[in-house]
Amino acid sequence: MTGTRWPTRTEETSDVASVRATNLAAFETSEEADLVDALRDDDAWVPELSVVAVDPDSDEPVGYALLTRCRIDDEPALALAPCAVQPRYQGVGVGSSVIEAALDFARNAGEQVVVVLGHPGYYPRFGFTRASEHGVKLSIDVPDDALMVLSLDGSPIPSGTVRYAAPFGI
């Protein structure tokens, strides 16, 4: 299925264990899986923005993207993190499919701005640009090209400091 859009949907209660397994398989530590578990109990959690990509033959989640509430100073925004793909499904479009679906769900819900702290060679394909070009920063030092923002509706991106939900620890 290289280059095709994988089936996606909002995470269901029955997917929780598969989502955790996907995060555990995709990362070297349990930090991202633990973060998702903590965010589920936080006010920043938006259930309809917890998205899975599924194997079309089994409907089993093989990719995951999460958007949660954050703020840029006093302005509402969303944070994209974490994004994970089961190793055997990496490199075939699962990650792109689940991120595009999450962004579409957010756009359709009337959300305006998304921030991501991630690989500068990956996220620009979705329209993300350097946050510093919009006056957006973090309270911790990160490489300038790693913090990115996206306007979902073409509106201006507010400047200021990103304030993530408490479970992020930033």
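In the predicted model, Asp73 is found in the loop that runs between β3 and β4. Its phi is near 55 degrees, a positive value in a residue other than glycine, and Asp73 is partly exposed, with a relative accessible area of 36%. A second residue with this feature is Asp59, which has a positive phi of about 60 degrees although it is not a glycine. Asp59 has its place in the loop between β2 and β3 and, at 41% relative accessibility, counts as partly exposed. Most residues other than glycine have a negative phi, and most peptide bonds are trans. With regard to the peptide bonds, a cis bond joins Ala81 and Pro82, with omega at about -10 degrees, and Pro82 lies in strand β4.

When neighbours within four places in sequence are left aside, Leu103 is in contact with Leu67, Val114, Phe126, Phe128, Leu150 and Leu152.

Helix α3 also holds Ser97, which is buried, with a relative accessible area of 2%. A polar atom of the Ser97 side chain lies 2.8 Å from the backbone nitrogen of Trp6.

Aromatic side chains were then considered, and a search of the whole structure finds six aromatic pairs. In one of these, the rings of Tyr122 and Phe126 have their centres 5.4 Å apart and their planes at 65 degrees, so the pair is edge-to-face. Tyr122 is partly exposed, with a relative accessible area of 22%, whereas Phe126 is buried, with a relative accessible area of 12%. The rings of Tyr123 and Phe128 likewise form an edge-to-face pair, because their planes stand at 85 degrees, with the ring centres 6.1 Å apart. Tyr123 counts as buried at 11% relative accessibility, and Phe128 counts as buried at 3%. Ring pairs link Tyr122, Tyr123, Phe126 and Phe128 into a cluster.

In helix α1 (residues 16-26), the residues Ser18, Val19, Thr22 and Asn23 are buried. These four residues lie on the same side of α1, because they cover an arc of only 135 degrees around the axis. An α-helix has 3.6 residues a turn, so residues three or four places apart point the same way. The partners against which the buried residues of α1 pack are α2 (31-40), β2, β3 and β4.

As to the cysteines, a search of the whole structure finds zero disulfides. Cys70 is in no disulfide, and the nearest cysteine sulfur, that of Cys83, is 14 Å away; a disulfide would require the two sulfur atoms to lie within 2.5 Å. Cys83 is likewise in no disulfide, the nearest cysteine sulfur being that of Cys70. Cys70 is buried, with a relative accessible area of 4%, and Cys83 is buried as well, with a relative accessible area of 18%, a value under the 20% limit for buried residues.

Val92, found in the loop between β4 and α3, is partly exposed, with a relative accessible area of 21%. Although Val92 and Arg5 are 87 residues apart in sequence, they are 9.4 Å apart in space, C-alpha to C-alpha. Glu133, by contrast, has its place in the loop between β6 (129-130) and β7 (136-137) and is exposed, with a relative accessible area of 58%. The C-alpha atoms of Glu133 and Pro87, which are 46 residues apart along the chain, are separated by 34 Å.

Note on methods. Residues numbered from 1 in each chain as written. Predicted model: local features only at pLDDT ≥ 70, side-chain atom pairs only at ≥ 80, totals over all residues. Heavy atoms only, no water. Contact = heavy atoms within 4.5 Å. Helix = DSSP H or I, 4+ residues; strand = E, 2+ residues; numbered from the N terminus. Buried < 20%, exposed > 50% of the residue type's maximum accessible area, 1.4 Å probe, protein only. Polar contact = N/O pair within 3.5 Å; in protein donor to acceptor, adjacent residues only side chain to side chain. Phe/Tyr/Trp six-rings, centres within 6.5 Å; stacked < 30°, edge-to-face > 60°. Arc of directions from axis to C-beta.
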